[in-house]
Amino acid sequence: MAPRRGLIISSDQMRVVDTILQQLREVSGVRFIAVVSTSGQPITSSPTDHHPDMLSLASLAASSFAATQQLAGILSEKEFTLLFHEGRELNLHVAQVSDKVLLVIAFGHDTQVGKVRLYTGRAVAALA
């Protein structure tokens with residue numbers, strides 16, 4: 001039987017993650033940020049009460065990212081590290097933090113995509 005390799009986050013690490021998310025929201029102007037596992041489990045979000053269906057959001061973001069990784073393979077790319085969806089009211093940016101963690105960011109059209117990408121890149125480096 002193979003050993004299980006789950007994601008373990010200490011309370012000190014969780015405080016650091018929450019601080020990084022709060023700082024990212026402040027500097028980038030995004031509406032909502034979530035850290036989710038690649039298996040589709042929510043880990044934390046900022047603000048914590050913003051999205052009522054966090055479980056569905058985490059699950060769908062993780063499965064969409066997994067599908068994107070399969071597309072990368074078909075195109076002979078090693079991987080795609082981010083996913084972007086543009087909507088009428090909101091945009092969704094999903095970035096890979098590690099092989100087990102994704103950062104899901106929702107923002108309106110009043111927030112510049114380049115600004116989100118810049119600060120998200122910095123946050124991903126800090127979270128990794």
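Predicted model: local features only at pLDDT ≥ 70, side-chain atom pairs only at ≥ 80, totals over all residues.
Residues are numbered from 1 along each chain as its sequence is written. Local features need pLDDT of at least 70 and side-chain atom pairs count only at pLDDT 80 or more, while totals for chains, interfaces and linings use all residues.

**Exercise 1.** Find how the axes of helix H1 and helix H3 cross.

Solution. Take H1 as residues 11-28 and H3 as residues 113-127; helices are DSSP runs of H or I with at least four residues, and strands are runs of E with at least two, numbered from the N terminus. Axes are lines fitted to C-alpha atoms, for helices over the stretch in contact, and angles run from 0 to 180 degrees between N-to-C directions. The two axes come within 10 Å and cross at roughly 165°. H1 is therefore roughly antiparallel to H3 (angles over 145 degrees).

**Exercise 2.** State which residues of H1 meet H3.

Solution. Contact means heavy atoms within 4.5 Å. On the H1 side are Val 17, Ile 20, Leu 24, Val 27 and Ser 28. On the H3 side they meet Lys 115, Tyr 119, Thr 120, Ala 123, Ala 126 and Leu 127.

**Exercise 3.** Locate two backbone features, at Pro 47 and Ser 76.

Solution. Start with Pro 47, in the loop between strand S2 (42-46) and helix H2 (54-74). The peptide bond from Ser 46 to Pro 47 is cis, with omega near -5°. Next, Ser 76 lies in the loop between H2 and strand S3 (82-86). Ser 76 is not a glycine, yet its phi is positive, about 60°. For comparison, most residues other than glycine have a negative phi, and most peptide bonds are trans.

How values were computed. Heavy atoms only, no water. Parallel < 35°, antiparallel > 145°, perpendicular 65-115°, else oblique.
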